[in-house]
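The exercises below are meant to be worked with the sequence and the model open side by side. Each one sets a task and then gives a solution in steps.

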Amino acid sequence: MEANPRSTGRLPAAFLTPGSSSFMDFLGEHSPDLLPGKRVLPPLQGAIEAPHGTTIVATTFPGGVVLAGDRRATMGNMIAQRDIEKVFPADEYSAVGIAGTAGLAVEMVKLFQLELEHFEKVEGVQLSLEGKANRLSTMIRSNLGMAMQGLAVVPLFAGYDLDREKGRIFSYDVTGGRSEELGYAATGSGSIFARGAMKKLYHEDLTEQQATTLVIQALYDAADDDSATGGPDVARRIYPIVTVITDEGFRRLTEAETSEIARAILEGRLSRPDGPRAALL
C-alpha cells in the first residue's frame with residue numbers, strides 16, 4: 001500500500017519535478033483554488049467597500065528608472081490607512097507599484113515575485129524584462145472576473161532592461177492590456193494630475209537626483225487635486241516610497257533621503273504653491 005505523502009510529511013513527486021517554468025501554471029494544475037482569479041465570490045449585493053491604493057508614478061532617466069507611490073489608502077470617502085506601502089521589488093532589476101483594491105494587489109505582487117523566482121530556479125536564468133511584463137499582464141487578465149465586480153488591480157511595472165541597457169516602464173488596464181510608456185507614466189486616481197506635472201517637468205537628460213525630485217513633485221501635485229492621494233506628511237513623518245532601478249539593481253531611498261527631497265519641495269511651495277514653472281518656449 002502506497003503511503004500518503006501528507007501523513008509521511010513528504011512532498012509528492014510532482015511537486016519536486018515541476019513541468020513548467022511558470023509558477024502560476026504549476027499552482028493552477030495542483031491547487032487552482034489558491035489563484036486569486038479562480039476563487040468563487042459570493043453574490044454581489046450593493047457596492048463593495050474595500051481599501052484602495054491610489055497614485056503611482058514612474059520616470060526614466062539615462063541609466064535607469066524611478067518608481068514611486070504615495071502612502072494613502074482610501075475606502076469610499078474615508079482614509080483607510082495613511083502609511084500603506086504600494087511599491088515593491090519584483091526581483092533584483094524590476095519593481096511593481098500597485099493601484100486599485102489594496103488586498104488583492106498585494107497578493108498579486110507576492111504571487112508575481114514567486115513567479116519570477118520560480119522561473120529563475122527552474123531555468124537557471126532571469127526572465128527578460130519584456131517577459132516579466134508579459135507574465136504580469138497574464139496575472140492581471142486572470143483577475144478580470146473580480147475586476148468586473150469592482151475589485152480591480154491596475155499596477156505600474158518598471159525595471160532596468162539588461163539587454164537594452166536602459167530603464168523601461170509598462171502600464172496596464174484591468175483586462176491585462178499592456179503598454180510601454182516612454183519617459184514617464186502614472187496610474188491611480190491622481191494619475192491625471194501627476195501625469196500633467198511630469199509632462200511639463202520631464203526631459204530626457206534628467207539626473208537620478210532630478211528624477212527622484214520630479215516624481216515627488218508629481219505626487220505633490222496629485223495630492224493637491226485628488227483627495228485620495230496623500231502628500232508628504234511632515235507631522236507624522238510619512239513620505240512617499242521612492243525606488244530607483246539601475247544596472248546595479250533595485251534600491252529604495254531611505255526615509256532620510258526621501259524626507260530631505262520632500263522638505264525641500266514643501267519649502268519651495270511656501271513661496272510658489274503651484275510648484276515649479278516650465279518654460280513657455
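**Exercise 1. Describe the largest pocket by its volume, its lining and the helices that supply that lining.**

Solution. The volume of the largest pocket comes to about 220 Å³, where grid points are joined across faces, edges and corners, and a volume is the space filled by probe spheres set on the points. A pocket here is found on a 1 Å grid over the protein atoms alone, as an open set of points where a 1.4 Å probe fits, with protein on both sides within 12 Å along at least five of seven lines; lining residues have an atom within 4 Å of a point. The model is a predicted one, in which local features need pLDDT of at least 70 and side-chain atom pairs count only at pLDDT 80 or more, whereas totals for chains, interfaces and linings use all residues. Residues are numbered from 1 along each chain as its sequence is written, and side-chain values use heavy atoms, with hydrogens and water left out.

The next step is the lining, which consists of 14 residues, with Gly196, Ala197, Asp221, Asp274 and Pro276 lying nearest the centre of the pocket. Helix H7 (191-201) and helix H8 each supply at least two of the lining residues, and H7 gives the largest share, 6 residues; helices (H or I, at least four residues) and strands (E, at least two) are DSSP runs, numbered from the N terminus.

**Exercise 2. Which residues are closest to the centre of the second largest pocket, and how does its lining divide?**

Solution. The second largest pocket has a volume of about 150 Å³. Its lining has 13 residues, and those closest to the centre are Arg71, Tyr239, Pro240, Arg252 and Glu255. Strand S13 and helix H9 (255-271) each contribute at least two residues to this lining, which divides into 6 nonpolar, 2 polar and 5 charged residues.

**Exercise 3. Find the aromatic pairs in the structure and describe the pair of Phe112 and Phe157.**

Solution. A search of the whole structure gives 3 aromatic pairs, a pair being two rings of Phe, Tyr or Trp (its six-membered ring) with centres within 6.5 Å, and with planes under 30 degrees apart called stacked, over 60 edge-to-face and the rest tilted. Phe112 and Phe157 make an edge-to-face pair, at 5.8 Å centre to centre with 80° between the planes. This pair links distant parts of the chain, since Phe112 is in helix H4 (residues 102-123) and Phe157 in strand S9, 45 residues apart. Both Phe112 and Phe157 are buried, where buried means under 20% relative accessible area, exposed over 50% and partly exposed in between (1.4 Å probe, protein chains only).

**Exercise 4. Are Glu165 and Arg168 buried or exposed?**

Solution. Glu165 lies in the loop between strand S9 (156-161) and strand S10 (166-172), and its relative accessible area of 59% makes it exposed. Although Glu165 is not a glycine, it has a positive phi of about 55°. Arg168, by contrast, is placed in strand S10 and is buried, with a relative accessible area of 3%. The side chains of Arg168 and Asp161 are joined by a polar contact of 2.7 Å, that is, a pair of N or O atoms within 3.5 Å, of which, within protein, one must be able to donate a hydrogen and the other to accept it, while residues adjacent in sequence count only if both atoms are side-chain atoms.

Terms used: Nonpolar A, V, L, I, M, F, W, Y, C, P; charged D, E, K, R; others polar.
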